[in-house]
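Thank you all for coming; I would like to walk you slowly through one structure this morning. Please have a look at it on the screen before I start.

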Amino acid sequence: MAQFNELAAFAQFGAELDKVSMAQLNRGARMVELLKQPQYAPIPTEEQVAAFFAGINGYLDPLPIEKVKPYEKGLIDFLKSKHPAILKDIQEKKDLTDDITKRLTAAVDEFSKKFV
């Protein structure tokens, strides 16, 4: 986030950015959207982990900013209904083991293909 903030501040001065810098700005903006939570309604840690996993691994990159929250809600609903064991394992183990990462990647891939 610190790198995103520095790059965003630099970009405000009208500096021309290369493709890599633009991609970092775009991903950072989407990650900021994921960080937003409703007041007095904290999001469970395992749901945050799943959403951040999608953001960090580029699943949100092609989406417009206004679609990030609907994607996040849809992903969490999808995981709760189709893959509740993944969320349970994240909650219990408090770690993204190789097995959890593999299953989460497959689930996020599956959801992302359906999300339009």
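Predicted model: local features only at pLDDT ≥ 70, side-chain atom pairs only at ≥ 80, totals over all residues.

Let me begin with a pair of helices, α3 and α6, which are roughly perpendicular to each other, a label that is used because their angle falls in the range of 65 to 115 degrees, where under 35 degrees would count as roughly parallel, over 145 as roughly antiparallel, and the rest as oblique. The angle at which α3 and α6 pack is about 70 degrees, and their axes are 11 Å apart; axes here are lines fitted to C-alpha atoms, for helices over the stretch in contact, and angles run from 0 to 180 degrees between N-to-C directions. On the α3 side the contact is made by Ala50, Phe53 and Ala54, and on the α6 side by Thr101, Leu104, Thr105 and Val108, with contact meaning heavy atoms within 4.5 Å. Sorted by class, these are 5 nonpolar residues, 2 polar ones and no charged ones, where Ala, Val, Leu, Ile, Met, Phe, Trp, Tyr, Cys and Pro count as nonpolar, Asp, Glu, Lys and Arg as charged, and the others, Gly among them, as polar.

Residues are numbered from 1 along each chain as its sequence is written, and side-chain values use heavy atoms, with hydrogens and water left out.

Stepping back, the protein has 6 helices and 0 strands, helices being DSSP runs of H or I with at least four residues and strands runs of E with at least two, numbered from the N terminus.

How do α4 and α6 meet? The axes of α4 (residues 68-82) and α6 (residues 98-114) come within 10 Å and cross at roughly 125 degrees, and these two helices are therefore oblique to each other.

Finally, the largest nonpolar core has 23 residues, and Tyr71, Leu75, Leu79, Leu104 and Val108 are those with the most contacts inside it; such a core is a set of buried Ala, Val, Leu, Ile, Met, Phe, Trp, Tyr and Cys residues joined through side-chain atoms within 4.5 Å, and buried means under 20% relative accessible area with a 1.4 Å probe, protein chains only. The helix that gives the most to this core is α4, with 6 residues. Of the 116 residues of the protein, 34% count as buried.

How values were computed: Buried < 20%, exposed > 50% of the residue type's maximum accessible area, 1.4 Å probe, protein only.
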